[in-house]
Amino acid sequence: MLARNETIFKWTLYAAATALCFLIQGALLQRITVWGVIPFLYPLLAAVPAAYEGPVPGTVFALAVGVICDLLLPGAFPCFYTLLFPLVGLCAALISRSLLPAGPLCSLAGTTAAFLMSGLFHGLLLWLGGKSAWSASASVTLREFCVTAPLVIPVTYLYRAVCRRTHLDD
Amino acid sequence: MKDFLKNHGLWVLFAAAVISVALAVMSALSNTAAPLTNAANIVASPFRSAYTAIATWFNDKQNYYRDTTALEEENAALRKRIAEMEETVRQAEAALAENARLRDLNDLREQRRDLSDIEAAYITEHDVSNWTSSLTLNKGTVHGVEAGDCVIDETGALVGIISVSGTNWSTVLTLVDTDMSLGAQVFRTGDLGLAQGDFSLMGKVRLRLDYLSAGCQLLGGDLVVTSGLGGYYPEGLVIGSVEEVQVDDSGAASYAILAPQVSFDDLEEVFVIKSFDIVP
């Protein structure tokens with residue numbers, strides 16, 4: 001059990017790491033187009049910390065990331081990421097608890113789940129809006145995942161550094 | 001030696017005096033240097049040459065250093081001046097481009113007197129997600145920009161519609177976004193339809209013109225403009241041109257694939273139509 005100050009410190013460090021990733025996405029990745037898509041880091045920011053921190057804190061953190069994404073990004077509907085990212089966080093945390101130990105492989109699995117859910121939700125919304133485009137959604141999801149997947153490694157190591165720094169006694 | 005000088009000193013002095021007088025007389029009577037002077041200078045001449053060579057070498061080095069320093073300073077000054085001039089050229093180029101855009105806009109204002117209030121805005125961000133096609137502008141509610149306003153380029157071609165407007169920013173959904181839907185008309189034939197974004201076409205920067213009659217006679221390259229029906233958007237703004245016409249699954253209607261007139265990636269500055277007059 002961490003003391004209150006340590007808890008504040010830990011989540012401040014997580015927030016700083018996430019802010020850095022937001023900065024990289026906005027300043028750099030957004031300007032790169034590969035296979036017709038831009039690398040999309042945000043689902044990783046929900047999945048990777050959750051893999052290290054467990055279901056409840058991870059889901060809450062993912063929820064916060066989702067709220068920020070909804071505030072900054074134009075979405076299919078206003079609370080798209082707020083609804084999606086807690087599920088992503090929960091999923092990544094459950095993978096780390098029951099299937100794979102937290103690390104690059106676990107992050108990759110969580111990220112895969114995140115992009116699958118994101119693609120599925122987007123496809124579902126298009127279908128509900130009468131503009132069904134399942135194959136196009138699947139294509140974009142696949143390309144988006146392939147372009148973003150290499151970034152799982154640096155993001156995982158960033159959050160792992162934060163986790164190790166803040167769980168010295170564990 | 002002491003004894004020699006004591007015994008013969010007077011003779012030596014005398015001999016020296018005689019030699020000096022003789023040399024002086026010879027020098028006065030001769031046009032060339034005296035033999036002793038000549039001999040002394042012959043001996044000294046190589047040394048003089050050496051001194052001169054060394055002095056010249058030092059002078060050269062000194063001059064070289066002084067010249068190099070001066071040239072470096074001059075070079076730095078010239079580089080600075082070139083950078084300033086390049087900056088001026090860049091500013092002039094930007095001003096020229098802006099001038100051209102404003103001139104086009106002025107022409108557009110002359111042609112389109114119904115577009116009564118237009119606000120120029122710069123694009124601060126292009127697409128931020130793979131699921132929407134949007135632009136972020138640097139103008140917002142303080143500049144009178146509101147959701148639902150049309151955004152055009154300097155030629156009057158439609159870029160998109162403002163979807164969200166903040167204090168000093170606004171988001172434009174481009175024509176190819178899936179949430180885009182607006183009344184359109186084929187300029188040549190007058191056929192009416194609904195121009196709307198389609199996710200399958202968004203990646204190819206295309207949109208659909210739906211609800212055309214099955215027998216419509218559209219040709220590739222036909223210009224499609226806003227219909228203005230309903231009064232939501234001004235009429236006659238260029239959306240794009242017909243690329244291909246296809247019959248839908250029911251066979252009762254056809255649709256066209258449109259290529260937007262605007263190249264969204266190349267846009268830097270756009271114009272927001274804040275208000276317009278409905279032309280009866």
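Colleague: At what angle do the axes of α5(A) and α7(A) cross?

Modeller: This is a predicted model, in which local features need pLDDT of at least 70, side-chain atom pairs count only at pLDDT 80 or more, and totals for chains, interfaces and linings use all residues. Residues are numbered from 1 along each chain as its sequence is written, with chains lettered from A and ligands numbered from 1 in the order in which they are written. Helix α5 of chain A covers residues 104-128 and helix α7 of chain A residues 152-166; helices (H or I, at least four residues) and strands (E, at least two) are DSSP runs, numbered from the N terminus. Their axes, lines fitted to C-alpha atoms over the stretch in contact, with angles from 0 to 180 degrees between N-to-C directions, come within 9 Å and cross at roughly 120°.

Colleague: Which residues of α7(A) meet α5(A)?

Modeller: Contact here requires C-beta atoms, placed from the backbone, within 7 Å. From α5(A) come A:Pro104, A:Ser107, A:Leu108 and A:Thr111, and they meet, in α7(A), A:Val152, A:Ile153 and A:Thr156.

Colleague: How many helices does chain A have?

Modeller: From the N terminus on, the elements of chain A run α-α-α-α-α-α-α. Chain A has 0 strands, and its helices number 7.

Colleague: In what order do the strands of chain B close into a barrel?

Modeller: Strands pair if DSSP finds at least two bridges between them. In chain B, 6 strands close into a barrel with antiparallel pairing, and the twist averages 40° from one strand to the next. The order is β6-β7-β8-β11-β10-β9.

Colleague: Which residue of β8(B) stands opposite B:Ala195?

Modeller: B:Ala195 also stands opposite B:Leu182, as β6(B) (residues 181-186) pairs with β7(B) over 5 bridges. On the other pairing, β7(B) (residues 192-196) and β8(B) (residues 207-213) share 3 antiparallel bridges. There, B:Gln196 stands opposite B:Arg208, and B:Ala195 stands opposite B:Leu209.

Colleague: Which residue in the turn between β6(B) and β7(B) has a positive phi?

Modeller: The two strands form a hairpin with 5 residues between them. The phi is about 80°, and the residue is B:Gly190.

Colleague: How many residues does chain A give to the contact with chain B?

Modeller: Chain B gives 14 residues. The number from chain A is 16.

Notes. Two residues are in contact if their C-beta atoms, placed from the backbone, lie within 7 Å.
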